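Here is a short briefing on one protein model. Look through the structure first, then take the points below by topic.

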Amino acid sequence: MQVDDVQALQQHAAWRLLRADDAPLVVAFLARVFTDGGAHGLPAGELADRLADLLAELDGTPRVPVDARGYLDGWAGPDGGWLRAWYPPGSDEPLMDATPAAELAVAFVRGLAPRPLVDTAARLGTVVDQLRALATEDAEPTAQRDRYLHATATATGLLADLRAVEAAFRDRDRELRAAIAAGDGALAADVVAGRRGIAGTDQGRSFHACYDRLLSPRLQDELTDLLDRVHALPALRTCTDPRMRRIRHDLVAAAQHTRQVLRGLVDALRTGLDEQVRHEDRRVLDLVAGIEDRARVLSAGLADLDGFAVELDDLHPTVVLPMERHLYAPPRRAAVDSARPPAGEEDFAAAALFDQVQVDPVPLSAHVRRALLQRPRVELATVLEQHPLQHGLAELVAYLSLRDEAFDVVLPTPSADDQPGDDDTVTWTDPDGRARTATLPRVVYARRDTDPRAGSRHPAGRRAHPAVPTVLAEDPR
């Protein structure tokens, strides 16, 4: 779209309607009668009566002293072009109907109203379904061109939806900051706990689902194949849209930009909450210092009285802050049994050695990512409660050795206060129907945008090394 093209469109009837002095009256009336009311070809007298009723509702508003019929004649004239008037056969009263330009102006104004929810995941699914139907179904050339135009409009609308989601995230961030600045302590606690954060809304969950699907290699390959097949159709050679050829890259870039904005807003919000907590801690320390000074003055003043003395247990109160960290404790040494294992039986089924199970780590990473959308860290036991083991010990080892850019595997450092019951116990049923149990230290998955040591119960947390930790399982026999 060039500047000359936009300048030429200023003479369009829809553009002139939006710039008219009575644009609110015209748009509201045409929407009430034709767009919302569904009327077609009303007599001019009836249409004038309806306009007179609307003008009566707006009594008191300064307007040009023209009656309802004068308004209609001006809207249908050459300077308007928003109503079409014609005389039916055998009648001396004209019929009037809205023009396509008026429909465009009403649709534009209606689109300016804020939407309660922008479901980007559903819009992405619609785009894929439209391209799949266009590439696989055999239809007439006219139908193919019409479907292609619908798919183009939906795909470009998804780009606009991503910008709308970004704007909604910014508005939500301003609302949360205003509530926290007003002293809503419960809201601040909920934001820290992750229950009412920006990403926890319905729109945030829909965007994350759209973002994860856009980054899926399977969807990327499918979109590439579908776009190539669609643009190779003979019926679309003269009406292809250049935006559709690069729509896959534009969608990924827009989603990544919105994701970065969301991450920056959440980090800024958490930083503001941390600053508020530091101010409150400093105020508590000032109050404690004032109490100490008053206690010293009181003790010194009462000690000079004859026959009267006051004894204070301690002039320095013991204050334990909730976020106080303990000192470093050396890690607990693991007991290693170096005894030689007993020899097994010579006569056994060797086919069991070749019955291997291959576990795909991609679905396991998806389970962890989905669990981390609601909180900054999650334990392995919590993930297994929602997604029980399907392949037994091999799947459990795959969970322990996950390598993903979105999160880290954190193993808490053992301490002297740990008890044997603090370990996690995982149970499953093997293909033979026997119950299996594995005992292993508590494993935590932490998002990369948070401190990976936050999931540890001890201040000296550590990241998991590439080596797989030891798993104690029951003897299959």
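Which residue takes a positive phi in the hairpin of β6 and β7? G433 does, near 90 degrees, in a hairpin with 5 residues between the strands. The model is predicted. Its mean pLDDT is 76, and 78% of the residues reach 70 or more.

**Hairpin strands**
- β6 (residues 424–429) and β7 run antiparallel, joined by 6 bridges.
- Opposite V426 stands A438 of β7.
- β7 (residues 435–440) covers R436, A438 and L440 on one face and leaves A435, T437 and T439 uncovered on the other.

**Aromatic pairs**
- The count of aromatic pairs comes to 3.
- Y71 and W75 form a tilted pair, 5.8 Å centre to centre with 50 degrees between the planes.
- Both residues lie in helix α5 (residues 68–76), 4 residues apart, about one turn of the helix.
- Y71 counts as buried because its relative accessibility is 7%, under the 20% cut-off.
- W75 is buried too, at 5%.
- F407 and Y445 pair edge-to-face, at 5.6 Å centre to centre and 90 degrees between the planes.
- This pair links distant parts of the chain: F407 is in β5 and Y445 in β8, 38 residues apart.
- F407 is buried at 2% relative accessible area, and Y445 at 0%.
- Ring pairs join F29, Y71 and W75 into a cluster.

**Charge over a ring**
- R84 places its charged end over the ring of W86, 4.1 Å from the centre.

**Helix α7**
- α7 (residues 120–136) has 17 residues and reaches 24 Å from first C-alpha to last, close to the 24 Å expected.
- Its buried residues include L124, V128 and L131.

- Over residues 450–477, pLDDT stays under 50.
- The model has 59 contacts beyond four places in sequence for residues 450–477.

Conventions
Residues are numbered from 1 along each chain as its sequence is written. This is a predicted model: local features need pLDDT of at least 70, side-chain atom pairs count only at pLDDT 80 or more; totals for chains, interfaces and linings use all residues. Side-chain values use heavy atoms; hydrogens and water are left out. Helices (H or I, at least four residues) and strands (E, at least two) are DSSP runs, numbered from the N terminus. The expected span of a helix is 1.5 Å times one less than its number of residues. Buried means under 20% relative accessible area, exposed over 50%, partly exposed in between (1.4 Å probe, protein chains only). pLDDT is the predictor's confidence in each residue, from 0 to 100. Contact means heavy atoms within 4.5 Å. Two strands pair if DSSP finds at least two bridges between them. Rings of Phe, Tyr and Trp (its six-membered ring) pair if their centres lie within 6.5 Å; planes under 30 degrees apart count as stacked, over 60 as edge-to-face and the rest as tilted. A charge sits over a ring if NZ of Lys or CZ of Arg is within 6 Å of the ring centre and within 35 degrees of the ring normal.
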